[in-house]
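Work through the exercises below with the sequence and the model at hand. Each task is followed by a solution in steps.

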Amino acid sequence: MPHPYPVREIARQAGVSEATVDRVLHKRPGVRAGTILQVEQAIADLDRQRTQLRLSGRTFMVDVVMDTPNRFSRLVRESLEAELPGLRPAAIRARFHLREGWPPDDLVATLDSVAAKGSHGIILKAPDTPAVAAAIDRVTAAGVPILTLVTDVPASNRIAYVGMDNRAAGSTAAYLMSQWLRHSDAAVLVMTSRNFFRGEEEREMGFRVAIRAKDACRRVVEISDTDGLDDTSRVLVADELTRSPDIRAVYSIGGGNSGILDAFAAAGRECEVFIGHDLAQENRALLQTGHLTAVLHHDLREDMRHAARSIMMFHGALPGTVRTVRSKIDVITPHNMPGR
């Protein structure tokens, strides 16, 4: 039984004699099974306490860099800050760099700047472009790990992706939409904020493939480049509704849901099924009033916990291997909405 501890320390932890510990470690006879378990448990306890001691007094600076609407960045900030106390005895300090519609060159410059300012790791939501991938590679080569959040940049050297399986999320939305529209010939409007966010692209692809397989005659209309903002979505949806009188359902991948609903109301049109993403404050209210049929949700607090622990693992402060763990996809209705 390999271990780094003196026999005396194990004996004190287990509450047995040093001779007993020696017999257990060398697998000599004459020790009861219960006592063997006591010694094994003592070693496991010392392993955990060693990890705690290794973390004690250490401070990690984590930077969150996100190109996203404010409603989602607030969710991420709240989720990370709620998890920080549970990561003690390490101290995690978070710096937030959050913008809507971030020009790619400025975002890349921010990544380089953040890496030079003592960052221990970056949680990143950014478009999947060659410039962003190159910046990730530069920063990680300088020893600052980057995890992508919600939307991936897979051709880069990011250490892991944190978030749901976006293709599976799109397929789930298609399944629900087909079930709820099975007695309707409504066309479905699919809304994305920008084409170069890989996560949104994967959701849209998953939706199209699944709806084609289950409901081949269903017409799907896409609107992109809304930036997930209400004002932009309102204008683009109103324009499309004048051209497409059969649109009576929406899968909103990128947000701007209040603007979408305003456009339907102004046109005097019913939205039979409306599926969105994430339990931001706006979507909670829309679920409660029945304007949203369902929201596809994943636990952002769990994502933030995994991201922070991955950064500590990268720096050797926690045992384990950094890896991508896909978030569970929850289908939320007004009747099973979780607390904040």
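## Exercise 1: a helix pair

Asn 166, Arg 167, Ala 169, Gly 170, Ser 171, Ala 173, Ala 174, Tyr 175, Met 177, Ser 178 and Gln 179 of H7 are in contact with Gly 199, Glu 202, Arg 203, Met 205, Gly 206, Phe 207, Ala 210, Ile 211 and Lys 214 of H8, where contact means heavy atoms within 4.5 Å. The model is predicted: local features need pLDDT of at least 70, side-chain atom pairs count only at pLDDT 80 or more, and totals for chains, interfaces and linings use all residues. Residues are numbered from 1 along each chain as its sequence is written, and side-chain values use heavy atoms, with hydrogens and water left out.

Task: describe the contact of H7 with H8 by residue class, and state how the axes of the two helices cross.

Step 1. The contact of H7 with H8 holds nine nonpolar, seven polar and four charged residues. Here Ala, Val, Leu, Ile, Met, Phe, Trp, Tyr, Cys and Pro count as nonpolar, Asp, Glu, Lys and Arg as charged, and the others, Gly among them, as polar.

Step 2. The axes of H7 (residues 166-180) and H8 (residues 198-214) come within 6 Å and cross at roughly 40 degrees. Axes are lines fitted to C-alpha atoms, for helices over the stretch in contact, and angles run from 0 to 180 degrees between N-to-C directions. Helices (H or I, at least four residues) and strands (E, at least two) are DSSP runs, numbered from the N terminus.

Step 3. H7 and H8 are therefore oblique to each other. Angles under 35 degrees count as roughly parallel, over 145 as roughly antiparallel, 65 to 115 as roughly perpendicular and the rest as oblique.

## Exercise 2: two further pairs

Task: classify the packing of H5 with H6 and of H1 with H2.

Step 1. Helix H5 (residues 104-115) packs with helix H6 (residues 130-141) at about 5 degrees, the axes being 9 Å apart. H5 and H6 are therefore roughly parallel.

Step 2. On the H5 side the contact uses Leu 107, Val 108, Leu 111, Asp 112 and Ala 115, and on the H6 side Ala 131, Val 132, Ala 135, Arg 138 and Val 139. By class, these are eight nonpolar, no polar and two charged residues.

Step 3. For helix H1 (residues 7-14) and helix H2 (residues 18-25), the angle is about 105 degrees and the axes are 9 Å apart. H1 is therefore roughly perpendicular to H2.

Step 4. Val 7, Arg 8, Ile 10 and Ala 11 of H1 meet Glu 18, Val 21 and Leu 25 of H2.
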